[in-house]
Amino acid sequence: MRTEFLEFRSKASRLSSPHFTAYYLPSKHQSSCSVVVPKKVHKLAVGRNWLKRLTFDALWPLIQDSQLDVVIIYKPLKLDKSPRTKEQILSELKSLKFSNV
């Protein structure tokens, strides 16, 4: 729900990159990940879903053993579905350093 998300966002630590903002909190249970891609990033659902899958695939190995809840929110910048975009996003995701909170 929106109220839960707003509460999470107010308590969470934040990391920023040119294309997205990552919010994270330690969890008592398994790690979880959520990705938000607004329509301004890509008009078609195909492009937004591609970006979500790309993000999940790159981020999950980084957080699965750390017991973190992570929310990635993409900034409203136009991105195309291309190998160049893929390289940029992957390098930004791999450079994230989640510190212990």
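Guide: Helices (H or I, at least four residues) and strands (E, at least two) are DSSP runs, numbered from the N terminus. The model is predicted, so local features need pLDDT of at least 70 and side-chain atom pairs count only at pLDDT 80 or more, while totals for chains, interfaces and linings use all residues. Residues are numbered from 1 along each chain as its sequence is written, and side-chain values use heavy atoms, with hydrogens and water left out.

A search of the whole structure finds 1 salt bridge, meaning a side-chain nitrogen of Lys or Arg within 4 Å of a carboxyl oxygen of Asp or Glu. The partners are Lys11 and Glu7, at 3.0 Å from N to O. Both belong to helix 1 (residues 2-11), where a spacing of 4 residues puts about one helical turn between them. Lys11 is exposed, at 54% relative accessible area, and Glu7 is partly exposed, at 44%; buried means under 20%, exposed over 50%, and partly exposed in between (1.4 Å probe, protein chains only).

Now the packing. A nonpolar core is a set of buried Ala, Val, Leu, Ile, Met, Phe, Trp, Tyr and Cys residues joined through side-chain atoms within 4.5 Å. The largest has 23 residues, and Leu51, Leu59 and Val70 are among those with the most contacts inside it. Elements giving two or more residues to this core include strand 4 (68-74) and helix 3 (83-94), but helix 2 gives the most, with 6. Leaving aside neighbours within four places in sequence, Val70 is in contact (heavy atoms within 4.5 Å) with residues including Tyr23, Leu59, Ile63 and Phe98. A second, separate core of 6 residues includes Ala12 and Leu25.
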